[in-house]
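Open the structure in your viewer and keep the selection tool handy. We will go from stop to stop, picking residues and looking at what surrounds them.

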Amino acid sequence: MTLAHAARPEVRPSDQPPEGATSADAKPIISFAPKRRGKAPAHLADLDLAGRKKVLKDLGLPAFRADQLSRHYFDHFSVDPNTMTDIPASMRENLVKVLLPELVTEVVVQRADRGMTLKHLWRLFDGAKVESVLMRYPERTTLCVSSQAGCGMACPFCATGQMGLTRNLSTAEIIDQVRQAQVACREGLLEGGPTRLSNIVFMGMGEPLANYKMLVSALHRLIDPSPEGFGMSARNITVSTVGLVPAIKKLAGEGLPVTLAVSLHAPDDDLRDELIPINSRWKVGELLDAAREYFLTNGRRVSIEYALIKDMNDQRYRAQLLADELNKRGHGWAHVNPIPLNPTPGTIWTASTRRAQDAFVKTLRDNGISTSIRDTRGSDIDGACGQLATAVTQGGATTAANEERSEQENR
């Protein structure tokens, strides 16, 4: 570190226990092994159309009914047998029981941003809880989905990371979050009336690439046209990762032109080793090399996510180092999204000053790096990933007021 760097005090991730830690000596522990290994009930969305037909055929039911049932789910977002009038009444209940078991149940919903944001906490079949966030913008409506219950990446600034990994979600548990959001959009539950769900970001609970098989299956359900799936644009889907390099390379070869988002948060191994524990396995250089390969393979510009943390990673010299690391791999292949944190007094995990934020962004732009500040949502609720689930687990969000709010949303 030069004297110019030292003129400004620096905070290290190890200066304080991880966010949400219950003991002063808590240390981040990476885990790929789920605490639970139970499987969710089999569901239509776990299978491609051929697999659904086989299930019905094996049960002695007409295979073509799988096509009808799939269209109700993916086109009309319905799991109610009473709406399936093209299927004989005597057959509907059995079909729904076999292929459309209930997987995702609402626990709490919070509204924010004058009704433009809905944050849901869902209970899964085994009691595990996950979150999704539905956000309306002037030009799009985006759903942030969870891919795991908890997370094993142990990032010290992340509430979900301190939960540990409970288990991977099934394909259908991921997809049913999307179906529920489709219904919310159609029924006008967001301020401004009915809208169309246009974008999906895998930035909720969990590391998507650590649940690789189910992630890829879910991407097919999102992208493949009905009756296989929802038929959404792959270009409007983003998969985020803290840096599982082999999985990034594997995803590049899947032929699914989704956007890759790299949660970088530090351009140097010295800081990132502490800030993002998986960096101990795959260093910044390896990660950016893999991200560049992804761009070359899919032609999709990579998003570099960078949470600005006061006096920790928001220095001008780190912005310059980030610009240098990106530019030495080529130009125009990456876009940086600095993410302002919510101001949080009494913790090292707090927002940069506006001056530091502006200087960081200016440095990137002066070096030719496409940069835009992320529009954050949910600052007036348990907005960050994992906060709502943690609050409910600890009993902090199950007040009568929240229960009443949830009931009102269900009416």
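Start by selecting Asp 176, which lies in helix α5, residues 171–186. This is a predicted model, so treat each stop as part of a prediction. Is Asp 176 buried or exposed? With a relative accessible area of 5%, Asp 176 counts as buried, because the cut-off for that word is under 20%.

Now show the side chains around Asp 176. Which side chains make polar contacts with the side chain of Asp 176? One is that of Tyr 73, at 2.7 Å, and another is that of Arg 179, at 2.8 Å. If you set aside neighbours within four places in sequence, Asp 176 is in contact with Tyr 73 and Val 104.

**Next stop: a loop residue**

Select Ala 40, in the loop between α1 (3–6) and α2 (49–58). Ala 40 is buried, with a relative accessible area of 15%. Apart from neighbours within four places in sequence, Ala 40 is in contact with Leu 103, Phe 125, Ser 170 and Glu 173.

Zoom in on Cys 151, which sits in strand β5, residues 148–151. Cys 151 is buried, at a relative accessible area of 8%. Cys 158 is in the loop between β5 and β6 (164–168).

Go back to Cys 151 and show what it touches. Not counting residues up to four places away in sequence, the list is Thr 160, Gly 161, Gly 164, Leu 165, Gly 206 and Glu 207. The last name leads to the next stop.

Select Glu 207, in the loop between β7 (199–202) and α6 (212–223). Glu 207 is buried, with a relative accessible area of 2%. A polar contact of 2.9 Å joins its side chain to that of Thr 241. Beyond its neighbours within four places in sequence, Glu 207 has contacts that include Ser 147, Cys 151, Ser 240 and Thr 241.

Then pick Ser 263, in strand β9, residues 259–263. Ser 263 is buried as well, at 12% relative accessible area. Leaving out residues up to four places away in sequence, Ser 263 touches Ser 240, Thr 241, Val 242, Arg 272, Ile 276 and Glu 305.

**Last stop: a pair of helices**

Finish by showing the side chains between the two helices. Residues of α10 that meet α11 include Arg 316, Ala 319 and Leu 322. On the α11 side, look for Ala 359, Phe 360, Thr 363 and Leu 364.

Methods. Residues numbered from 1 in each chain as written. Predicted model: local features only at pLDDT ≥ 70, side-chain atom pairs only at ≥ 80, totals over all residues. Heavy atoms only, no water. Helix = DSSP H or I, 4+ residues; strand = E, 2+ residues; numbered from the N terminus. Buried < 20%, exposed > 50% of the residue type's maximum accessible area, 1.4 Å probe, protein only. Contact = heavy atoms within 4.5 Å. Polar contact = N/O pair within 3.5 Å; in protein donor to acceptor, adjacent residues only side chain to side chain.
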